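Please look over the sequence and the model shown below before reading on.

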Amino acid sequence: MTNQSNIYTLIYYPGIAARVEVTRMLLEAKASEFSTFPFYQVPIIKYTDAATGQPRVLAQSWAIVRYLARKHDLMPDGGEEAAALAESYSESIRELLDSYWELAWNPWTTPMFNSVKVPKLIAFRDGDKVKKFISAQERILAQNGGGNGFYFGNKLTFVELALYFAMEELNKGFAQLGDEKPPVFSAETTPLLWKVHQAVAQNPNIKAYKASDRYPTHW
Ligand SMILES: N[C@@H](CCC(=O)N[C@@H](CS)C(=O)NCC(=O)O)C(=O)O
């Protein structure tokens, strides 16, 4: 299959979603090299700067997402103003994910499950941070035609991909906490966020990606 993944070399842990999954989804959604680690961390992306022909290494997962979104028409229409809103919405998603990962993964080499982490994750799941996130994002989505599965008109942007991933990541993580609580993100509990989830899930390229062996097996 020809896709943008053939143009970029994305370096992360094979089969693991975490900090790179939004980038992977972005590359897959727009079906259509070069080693240093600037911050001694992964992910990084390597590519050739089209203007200078120079090899480049870009680090920091969300900087990578925004770079690719600008290059591959996954930013909202509406210039700088809309871009600022998109970055604000996605920062809220990043913050939620970072708060979750801090509890689930730190130190990042240890698995999610141990007796110390579970109560902290349950408190996080049922706490104010998640509630405020849902309330704010539902309000923002309602401002776009009452909620149609997109943040900006009818255009797929990196923000929908980021939200979809965050919903999947937290739902899958919380489902393993052992107290049989219903998912935090669902059609009933977060109707407008769920419309975004459905819109992304129905994207033909994302569908094909999820059915492929490129889709991560470890969450
Ligand atoms: N803010 C960075 C965080 C990257 C990060 O923490 N990567 C981890 C793996 S998920 C890593 O490389 N840790 C090794 C280290 O920090 O020494 C990003 O979003 O890319």
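The expected span of a helix is 1.5 Å times one less than its number of residues. Helices (H or I, at least four residues) and strands (E, at least two) are DSSP runs, numbered from the N terminus. This is a predicted model, in which local features need pLDDT of at least 70 and side-chain atom pairs count only at pLDDT 80 or more, while totals for chains, interfaces and linings use all residues. Residues are numbered from 1 along each chain as its sequence is written.

Helix 7 (residues 191-202) has twelve residues, which at 1.5 Å a residue should span 16 Å, and because its end C-alpha atoms are 16 Å apart, the two values agree. A residue is called buried if 20 or more other C-beta atoms lie within 10 Å of its own, exposed if 12 or fewer do, and partly exposed in between, with C-beta atoms placed from the backbone. Under this rule, the buried residues of helix 7 are Leu193, Trp194, Val196, His197 and Val200. Seen down the axis of helix 7, these buried residues fall within an arc of 150 degrees, so they line one face of the helix; the arc is that of the directions from the helix axis to the C-beta atoms. Gln198 and Gln202, on the other side of helix 7, are exposed. Two residues are in contact if their C-beta atoms, placed from the backbone, lie within 7 Å. What covers the buried residues of helix 7 includes helix 5, helix 6 (158-174) and helix 8 (204-211).

Helix 3, with 27 residues, reaches 37 Å from its first C-alpha to its last, which is close to the 39 Å expected at 1.5 Å a residue. Its buried residues are Ala86, Tyr89, Ser90, Ile93, Leu96, Leu97, Tyr100 and Ala104, and their cover includes helix 4, helix 5 and helix 6.

**Two domains**

The domain assignment of the chain gives domain 1 (8-72) and domain 2 (79-203); such bounds come from an automatic or database domain assignment. Taken over C-alpha atoms, the centres of domain 1 and domain 2 are separated by 22 Å. Ten residues of domain 1 are in contact with ten residues of domain 2. On the side of domain 1 that touches domain 2, helix 1 (21-29) and helix 2 (61-71) each supply at least two residues, and the largest share, five residues, comes from helix 1. By class, this side of domain 1 has eight nonpolar, no polar and two charged residues, where Ala, Val, Leu, Ile, Met, Phe, Trp, Tyr, Cys and Pro count as nonpolar, Asp, Glu, Lys and Arg as charged, and the others, Gly among them, as polar.

Leucine 161 is found in helix 6 and counts as buried because it has 27 C-beta neighbours inside 10 Å. Not counting residues up to four places away in sequence, leucine 161 touches Val22, Met25, Leu26, Ala29 and Val200.

**Around the ligand**

Ten residues surround the ligand, and the closest are Arg19, Gln41, Val42, Gln60 and Ser61; a residue is near a molecule if its C-beta atom, placed from the backbone, lies within 6 Å of it. The residues of this shell divide into six nonpolar, three polar and one charged. Valine 42 is joined to proline 43 by a cis peptide bond, with omega about 5 degrees, and proline 43 has its place in the loop between helix 1 and strand 2 (44-48).

**Positive phi values**

Tyrosine 40 is found in the loop between helix 1 and strand 2, and its phi is near 60 degrees, a positive value in a residue other than glycine. With 7 C-beta neighbours inside 10 Å, tyrosine 40 counts as exposed. Aspartate 73 also has a positive phi in a residue other than glycine, near 55 degrees, and is found in the loop between helix 2 and helix 3 (79-105). Aspartate 73 is partly exposed, because 13 other C-beta atoms lie within 10 Å.

**Pairs of residues along the chain and in space**

| Pair | Apart in sequence | Apart in space |
|---|---|---|
| Lysine 132 and proline 76 | 56 residues | 24 Å |
| Lysine 120 and glutamate 169 | 49 residues | 17 Å |

Lysine 132 has its place in helix 5 (residues 128-142), and lysine 120 lies in helix 4 (residues 117-125). Lysine 132 counts as exposed because it has 12 C-beta neighbours inside 10 Å, and lysine 120, with 12 C-beta neighbours inside 10 Å, counts as exposed too.
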